[in-house]
Amino acid sequence: MNKIKLAKRLSQIKPSATLAMTARAKLMAAKGIPVTIIKKFLEEKNLSYQKNEVLISCGAKHSLYNIAQALFEKGDEVIIPAPYWVSYPDQVLINDGTPVIVQTREEEGFLLDPQALEKAITPKTKALILNSPSNPTGAAYSKKNLEAIADILLKYQILVIYDEIYEKIVYDQFKHVNIASLAPELKNLTLIVNGVSKAYSMTGWRIGYTLGPQEIIKAMEMIQSQSTSNPASISQKAAVTALEKGDVFTHQMVGEFDKRRRVIVDRLNKIPGVGCFMPPGAFYAFPNISSYFGKTGSTGKIQNSIDLSNYLLEEAHVAVVAGEPFGNDHFIRLSYATSMEKIQQGVDQIETALLKLR
Ligand SMILES: Cc1ncc(COP(=O)(O)O)c(C=O)c1O
């Protein structure tokens, strides 16, 4: 395991020459956002970063992609706990790495078991991708959970890509912790990914960012200089305002989400044969619907979560996402980032459709 070994593809390229000149000046003009981000991390998490340890990209998905390009190459194994956000394994694969999927269990809050993590580590392990709170399960890691994982990462010197894009969307006084804050040595192994899409409902503005070791950030910057340059300056300015003044709105939004979360989970749990975990974070319900497998409805026999989501679309006119692409076929994912009225109506329709299955 090599702590910071960049992918070989980096040695074949150089930073964009034009960006290095004129366009770079424009980029500098929009440099307000790293300064804001640095302030946020110091104030909210007591984590200190320099400007050359921060990179702003076109959404957190782009930040994650830049990381994968900078780090992964053939032979590298990347541990991903399942259920996972759909893009993680594909971003590893597209950059020649090998995703190593470790299943988590609903009974354990969909959290990565430290022993299972240790078992998955081989001399080829390059990184762990940890997402808290999680899309699709809403699982979230407490300080204690993170400490057990941190011990293993330190023992084997494994990088962690810590995607905390849902950090502000937590319930019941859950305290979100950043893994990098647990130990100074861990900060050197951590790439923090965050953005404005979820906390400030600014998905379309495409602002995500990474904080991490300067060497990796520099490599990501070089990659970005040859692809998208910088995110739109107008979006950067909007993100500065969101980061500085948006938390009051986030707070109101999370209060509303909490009411919807309770209703959707409660209603799903009342449907015969459906079991739904109460998520401590994010805005998704992730019910287990596997007891309906083997039954037949208007679209034919239901054999898996994809069949069931197709059936619910056709029969109930409700769009849910199958669990299979998230790495667990026994579940479906529903978003409650919609009105209470639509949630009630949607669950009514799901219930009617499920009860029709024979
Ligand atoms: C866990 C997770 N990470 C990253 C992203 C990407 O966010 P962005 O819109 O900033 O690209 C998403 C979006 O759904 C997500 O759920």
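This is a predicted model: local features need pLDDT of at least 70, side-chain atom pairs count only at pLDDT 80 or more; totals for chains, interfaces and linings use all residues.
Helix α8 covers residues 214–225. At 1.5 Å a residue, the 12 residues of α8 should span 16 Å, and the 16 Å separation of its end C-alpha atoms agrees with that expectation. Buried residues in α8 are Ile216, Ile217, Ala219, Met220, Glu221, Ile223, Gln224 and Ser225.

| Helix pair | Crossing angle | Axis separation |
|---|---|---|
| α3 (residues 60–71) and α8 | roughly 105° | within 9 Å |
| α11 (residues 305–316) and α12 (residues 340–356) | about 110° | 10 Å |

Because angles of 65 to 115 degrees count as roughly perpendicular, α3 is roughly perpendicular to α8. From α3, the residues Asn66, Ile67, Gln69, Ala70 and Leu71 meet Ile216, Ala219, Met220, Ile223 and Gln224 of α8. This contact of α3 with α8 comprises seven nonpolar and three polar residues, with no charged ones.

Helices α11 and α12 are likewise roughly perpendicular to each other. Here Tyr311, Leu312, Glu315 and Ala316 of α11 meet Gln349, Ile350, Thr352, Ala353 and Lys356 of α12. By class, the contact of α11 with α12 holds five nonpolar, two polar and two charged residues.

Around the ligand stand Gly59, Ala60, Lys61, Trp85, Asn131, Asn135, Asp163, Ile165, Gly195, Ser197, Thr203 and Gly208. The shell around the ligand divides into three nonpolar, seven polar and two charged residues.

Conventions
Residues are numbered from 1 along each chain as its sequence is written. Axes are lines fitted to C-alpha atoms, for helices over the stretch in contact, and angles run from 0 to 180 degrees between N-to-C directions. Helices (H or I, at least four residues) and strands (E, at least two) are DSSP runs, numbered from the N terminus. Angles under 35 degrees count as roughly parallel, over 145 as roughly antiparallel, 65 to 115 as roughly perpendicular and the rest as oblique. Two residues are in contact if their C-beta atoms, placed from the backbone, lie within 7 Å. Ala, Val, Leu, Ile, Met, Phe, Trp, Tyr, Cys and Pro count as nonpolar, Asp, Glu, Lys and Arg as charged, and the others, Gly among them, as polar. The expected span of a helix is 1.5 Å times one less than its number of residues. A residue is buried if 20 or more other C-beta atoms lie within 10 Å of its own, exposed if 12 or fewer, and partly exposed in between; C-beta atoms are placed from the backbone. A residue is near a molecule or strand if its C-beta atom, placed from the backbone, lies within 6 Å of it.
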